[in-house]
Amino acid sequence: MTYKTVLLHIDDSGGRAARIDAAASIAQACGGHLTGVALTGVSRLLYQNQPDLDADPNLSLHLNFLRERATRALDGFEQQVRAAGVVSFEQRVLDDEAAGGISLLARYADLVVISQYNAKDKSPSVMRDFPAYVLLHAGRPVLIVPYAPPLPRLAPPAAARNVLISWNASKEASRAVSAALPLLQRAEQVHVAIFDAQVHAAEHGEQPGAELLHYLARHGVDARLHLLDGGGVRRGDIGDALLSQAGDLSADLLVMGAYGHSRLRETILGGVTRTILQSMTIPVLMAH
């Protein structure tokens, strides 16, 4: 498995350069095609219901402004990806809102690259729930790049040396591990963290993590297992513990399943996915 088509969301937010760098590193390493897409924010459904929007002078003026802003967001994209050694790439401006448009295009890609939402960004061009929506609707693994990466600067994801997998034996975690294989195979160290394995003993089996280590080994990935005690804490707190473990291991990439419980439940009660999306400091590859 490899990433032959990488879809990158581009806007004018602060994490733009790091996001392009992450996507370009993966496309270059995998010999894949990189598609950078900037969206105007005007829903495609509006065009379907009112196909003559451009005929209205006032609407046309506003639409042109939005298209020009999306086009400006692509400034420098070509130079940056060429400098990264990417051979096959394209850039597009699409009339659609960000979450829905990226989720639709994702179905023709192997990996989607987006940024963590930054509430402090002075010029936000996406809604707060953008990462969550893409995770739930893209049908593809999603690499989320933090808007405030730690210093010193981490290696781009394709060159991640130290990867941490969060494993709970769920189908979401299984999809994330499978999707991350091209990156895991390039890593120098891979760690598997399991919190409170005894709580879900039936899913984990007699030796929690053993089957996953065998699976990874068959793909050429030598991983180290960490059985950790969550102390009966809430799921959201396990998210904090997972980030702490990533820090202790100096991980530069986290791999995990997303929304094992419903998004509504996580919004109300808290959950690991929600905590990671809010507090991540390293790139996270998630799958739902």
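How many cavities of 30 Å³ or more does a search of the whole structure find? The search finds one. The structure is a predicted model. The volume of the largest cavity is about 150 Å³. Its lining consists of 17 residues. Those nearest the centre of the cavity are Ser13, Gln116, Tyr117, Asn118 and Val126. Sorted by class, the lining of this cavity holds eight polar, six nonpolar and three charged residues.

Strand β6 comes next. This strand covers residues 162-166. Five of its five residues are buried, so β6 is largely enclosed by the rest of the structure. Both of its faces are covered. On one side lie Asn162, Leu164 and Ser166, and on the other Val163 and Ile165, and all of these are buried.

β6 pairs with strand β7, residues 189-195. The pairing is parallel and runs over five bridges. Within it, Val190 of β7 stands opposite Val163. The chain passes from β6 to β7 by way of helix α7, residues 171-184. This β-α-β crossover is right-handed.

β6 also pairs with strand β9, residues 253-257. Here three bridges join the two strands, which run parallel. Leu254 in β9 is found opposite Leu164. Val163 has Leu253 as its bridge partner in β9.

Strand β9 is itself buried in five of its five residues, so the rest of the structure largely encloses it. Its residues point two ways. Leu253, Val255 and Gly257 point one way, Leu254 and Met256 the other, and all are buried. Val255, a residue of β9, has a relative accessible area of 1% and is buried. Why does Val255 count as buried? The cut-off for buried is under 20% relative accessible area, and Val255 has 1%. Its C-alpha atom is separated by 9.4 Å from that of Leu184. Along the chain, Val255 and Leu184 are 71 residues apart.

β9 is joined in turn to strand β10, residues 284-287. Four bridges link these strands, and they run parallel. Val284 in β10 stands opposite Leu254.

The salt bridges number five. One of the five salt bridges joins Asp95 to Arg67, with the closest N and O atoms 3.1 Å apart. This pair links distant parts of the chain. Asp95 lies in the loop between β3 (88-94) and α5 (98-106), whereas Arg67 belongs to helix α3 (residues 57-73). The two are 28 residues apart. Are these residues buried or partly exposed? Asp95 counts as partly exposed, at 26% relative accessibility. Arg67 is also partly exposed, at 21%.

A salt bridge also forms between Arg82 and Glu78. The closest N and O atoms of this pair are 3.0 Å apart. Both residues sit in helix α4, residues 77-83. They are four residues apart, about one turn of the helix. An α-helix has 3.6 residues a turn, so residues three or four places apart point the same way. Arg82 counts as exposed, with 52% relative accessibility. Glu78 is partly exposed, with a relative accessible area of 33%.

Arg92 and Glu90 form a further salt bridge. Their closest N and O atoms are 3.1 Å apart. Arg92 has a relative accessible area of 37% and is partly exposed. Glu90 is partly exposed as well, with a relative accessible area of 27%.

How values were computed
Residues numbered from 1 in each chain as written. Predicted model: local features only at pLDDT ≥ 70, side-chain atom pairs only at ≥ 80, totals over all residues. Heavy atoms only, no water. Buried < 20%, exposed > 50% of the residue type's maximum accessible area, 1.4 Å probe, protein only. Pairing = 2+ DSSP bridges. Right-handed = clockwise from strand over helix to strand, strands pointing away. Salt bridge = Lys/Arg side-chain N within 4 Å of Asp/Glu carboxyl O. 1 Å grid on protein atoms, 1.4 Å probe; cavity = no way out; pocket = protein on both sides within 12 Å on 5 of 7 lines; lining within 4 Å. Points joined across faces, edges and corners; volume = space filled by probe spheres on them. Nonpolar A, V, L, I, M, F, W, Y, C, P; charged D, E, K, R; others polar.
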